[in-house]
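This report covers the chain as a whole and its disulfide links. The sequence and structure are shown below.

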Amino acid sequence: MKKPLTRIAVVAGAGAAAFAMAVAPASAVPSTVWTVTPSPASFTATNVGNIVLTANIPLTCTTSSASGTLASATGNPATVASINAINFGTSASPCTSVLGNVTTVATTPWTVVAQDYTASTGVTKGYVGNVKAKVTAGACAFTVEGKATGTYTNSSGVLAVNSVAGDLSVTSASGCGTVVTTSTKPTFKGNYAVKVAGTSTIPTIVGSNP
């Protein structure tokens, strides 16, 4: 009786060890530490070139600005900034489209989420998340929600938003006919120069694994 029991104990022990080895790597993967400098801090952002939302037709803004807060974080993905206000166009320089002038009202906060960092270039890849905005162009009004893929470059302080089809969706539309419908997959593209609020300082984002 002792030998069979011994064999069972050995087999059970080996199985437990194998299970532990299978589980350990996943739980041992370190979270990315995102060091934002300065942190915490308020920021402002101003467009560099045109900002374009394309929802079957382009809606172009020559003026856009944003503001919010920056802070270091841990995780992957991780939120490294909150966009508390973002504006598109002004009364003197409205956004335009073939349907007429465009008004965009954003529901904030939006987020800046970091996912990958390349030390050799100082570029963080990620996305602008929690995007929600109501867009009105002439008689056409629609709501856009989702995220927008982008990068942030430490050397220039440019947040480059370059969403792809499927990042954003139209959740409601009225007065747009077949031009914009809930099947439309908009894209949002444009560059923003980011500065620490009230200064000329460019904030930096660095990701590292402990």
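In this predicted model, Cys 61 has a relative accessibility of 6% and counts as buried, because the cut-off for that class is under 20%. Cys 95 is also buried, with a relative accessible area of 1%. These two cysteines are joined by a disulfide. The torsion about their S-S bond is about 110 degrees, which means the link is right-handed. Cys 61 lies in strand β3 (residues 57-61), while Cys 95 sits in the loop between β6 (78-88) and β7 (102-106), so the bond ties together parts that are 34 residues apart in sequence.

The structure holds two disulfides. The other bond is formed by Cys 140 and Cys 176, and the torsion of 90 degrees about this S-S bond makes it right-handed. It links distant parts of the chain, 36 residues apart: Cys 140 belongs to strand β10 (residues 140-153), and Cys 176 to the loop between β12 (168-174) and β13 (187-196). Both Cys 140 and Cys 176 are buried.

| Disulfide | S to S distance |
|---|---|
| Cys 61 and Cys 95 | 2.0 Å |
| Cys 140 and Cys 176 | 1.9 Å |

Counted in sequence order, the bonded cysteines of the protein chain pair as 1-2, 3-4.

The protein chain has one helix and 14 strands. Of its 210 residues, 38% count as buried. Among contacts between residues at least 6 apart in sequence, 63% join residues at least 24 apart. The accessible surface of the chain is about 10,700 Å², and carbon and sulfur atoms account for 61% of that area.

Notes: Residues are numbered from 1 along each chain as its sequence is written. This is a predicted model: local features need pLDDT of at least 70, side-chain atom pairs count only at pLDDT 80 or more; totals for chains, interfaces and linings use all residues. Side-chain values use heavy atoms; hydrogens and water are left out. Helices (H or I, at least four residues) and strands (E, at least two) are DSSP runs, numbered from the N terminus. Buried means under 20% relative accessible area, exposed over 50%, partly exposed in between (1.4 Å probe, protein chains only). Contact means heavy atoms within 4.5 Å. Accessible areas come from the Shrake-Rupley method with a 1.4 Å probe; for residues, only the protein chains shown count as cover. A disulfide is a pair of cysteine sulfur atoms within 2.5 Å.
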